[in-house]
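Me: I would like to go through this model slowly, asking what stands behind each term that is used for it. Please set each value against its cut-off before you conclude.

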Amino acid sequence: LVEQTILYKEVLEKELKKQKITKTQLAKKMQTSRAAVNRILDPERTCSLKSLVMAITALGKHLEIRIA
């Protein structure tokens with residue numbers, strides 16, 4: 001699960017670059033602080049699934065989790 005979270009964070013970082021959105025802009029879209037966005041994106045820190053989903057949703061994307 002930790003590896004998956006790091007992967008999601010990497011994908012989120014790539015999407016920020018693709019959409020040319022700064023961390024500050026993402027924080028505004030999420031109605032949170034820049035520090036909170038930094039914590040979400042930091043691969044060394046854990047974050048809740050809710051936080052990841054909020055960030056992904058703020059970029060106009062969605063997260064699918066499948067159990068096979």
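**How the helices cross**

Reply: The crossing of H1 and H4 is left-handed, and this description, like the others here, belongs to a predicted model.

Me: What makes H1 and H4 roughly parallel to each other?

Reply: The axes of helix H1, residues 2-19, and of H4 cross at roughly 20° and come within 11 Å. Angles under 35 degrees count as roughly parallel, and therefore H1 and H4 are given that name.

Me: Which residues of H1 and H4 meet?

Reply: On the H1 side they are Thr5, Tyr8, Lys9 and Leu12, which meet Leu52, Ala55 and Ile56 in H4.

Me: Why is H2 called roughly perpendicular to H4?

Reply: The axes of helix H2, residues 23-30, and of H4 cross at roughly 105° and come within 9 Å. Since 65 to 115 degrees counts as roughly perpendicular, that angle makes H2 roughly perpendicular to H4. In this contact, Leu26, Lys29 and Met30 belong to H2, while Ser51, Met54, Ala55 and Ala58 belong to H4.

Me: How do you know that H2 is also roughly perpendicular to H3?

Reply: H2 packs against helix H3, residues 34-41, at an angle of about 105°, with the two axes 8 Å apart. The range for the term is 65 to 115 degrees, so H2 is roughly perpendicular to H3. The contact is made by residues of both helices, among them Leu26 and Ala27 of H2 and Val37 and Leu41 of H3.

Me: What makes the pair of Lys61 and Glu15 a salt bridge?

Reply: The side chains of Lys61 and Glu15 meet at 4.0 Å, taken from N to O, and the cut-off asks for a Lys or Arg nitrogen within 4 Å of a carboxyl oxygen of Asp or Glu. Lys61 lies in the segment after H4 and Glu15 in helix H1, so the pair ties together parts that are 46 residues apart in sequence. A search of the whole structure finds two salt bridges.

Terms used. Residues numbered from 1 in each chain as written. Predicted model: local features only at pLDDT ≥ 70, side-chain atom pairs only at ≥ 80, totals over all residues. Heavy atoms only, no water. Axes fitted to C-alpha atoms, helices over the stretch in contact; angles between N-to-C directions. Helix = DSSP H or I, 4+ residues; strand = E, 2+ residues; numbered from the N terminus. Parallel < 35°, antiparallel > 145°, perpendicular 65-115°, else oblique. Left-handed = near helix turned anticlockwise from the far one by under 90°. Contact = heavy atoms within 4.5 Å.
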